[in-house]
Amino acid sequence: MTLLTRIFWLALRDLTLELRGRTGLLAAVFFLFTMLLILGLALGPNQDELRKAAPGVLWVALAFAGSLLAGRAFGLEVEDNTLDDLLLIPGSREWIYYGKLLFQLLLLLAVGLVLLFLTAGLFYLPLATLPGILVTLVLGSVGYASVSTFYAGMLARLRGREALLPLVLFPVVVPVILASVRATTLLMEGLPLGEVAEWWRLLLVFDVIYLTLCGLLFPYVLEG
């Protein structure tokens with residue numbers, strides 16, 4: 001099989017297993033809905049205050065979602081002892097990373113869309129600039145998923161990986177989260193797209209750097 005075919009089928013297999021089980025995905029969505037509800041009650045009924053907090057709440061919730069879902073990429077491989085089977089397939093190992101990354105990205109985008117509409121309903125996040133918000137969601141999710149997939153693979157064989165993953169992940173993805181929050185805030189305030197595009201370009205730079213470095217280092221980390 002070609003490299004792209006391997007990536008596609010690995011992501012499709014993982015996505016099929018995840019949707020068939022549904023427990024991990026539903027648990028993450030329920031947890032995040034509860035978190036949004038508690039934050040909304042804590043901030044009070046003032047619509048202006050809720051609207052100002054909406055971009056930060058959205059991306060903090062998405063960061064928690066990413067950390068909850070990151071372990072799903074390699075969790076089944078470790079439980080079923082199939083990770084070594086993937087390593088036995090001839091050829092370079094980068095396709096494993098990009099296949100798992102595609103799986104993570106699809107999950108993160110799906111949860112991100114749910115969070116976006118929940119935030120819009122609970123925190124009065126205006127959706128008039130929905131196309132721009134979706135661009136920010138995609139760029140931010142790519143950067144986050146690229147790092148979370150890398151660290152999930154690095155910690156896959158360790159005990160307590162669920163607790164260790166957020167500790168090593170969040171310091172690296174902070175620039176992505178901050179840039180995403182800023183871009184979402186500017187869109188919400190109705191500022192020109194030229195100002196928002198600066199943050200989009202910054203997110204794109206992070207995406208390219210993370211995708212390249214993680215893809216190159218992943219084979220050594222996985223086998224080591």
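This short talk covers a pair of packed helices and then a pocket in the structure shown above. Please keep in mind throughout that this is a predicted model.

Let me begin with helix 6, which runs over residues 94–123. At 1.5 Å a residue, its 30 residues should span 44 Å, and since the C-alpha atoms at its ends lie 41 Å apart, the two values agree.

Now, how do helix 6 and helix 7 pack against each other? Helix 7 covers residues 130–154, and the two helices meet at an angle of about 140 degrees, with their axes 8 Å apart. Because angles have to be over 145 degrees to count as roughly antiparallel, helix 6 is described as oblique to helix 7. The crossing in which helix 6 passes helix 7 is right-handed. If we sort the residues of this contact by class, we find 16 nonpolar, six polar and one charged.

Two or more lining residues come from each of helix 2 (23–43), helix 3 (47–70), helix 4 (72–79) and helix 8 (161–188), and the largest share, five residues, belongs to helix 4. As for the classes in this lining, twelve residues are nonpolar, four are polar and five are charged.

Key. Residues numbered from 1 in each chain as written. Predicted model: local features only at pLDDT ≥ 70, side-chain atom pairs only at ≥ 80, totals over all residues. Heavy atoms only, no water. Helix = DSSP H or I, 4+ residues; strand = E, 2+ residues; numbered from the N terminus. Nonpolar A, V, L, I, M, F, W, Y, C, P; charged D, E, K, R; others polar. Axes fitted to C-alpha atoms, helices over the stretch in contact; angles between N-to-C directions. Parallel < 35°, antiparallel > 145°, perpendicular 65-115°, else oblique. Left-handed = near helix turned anticlockwise from the far one by under 90°. Expected span 1.5 Å × (residues − 1).
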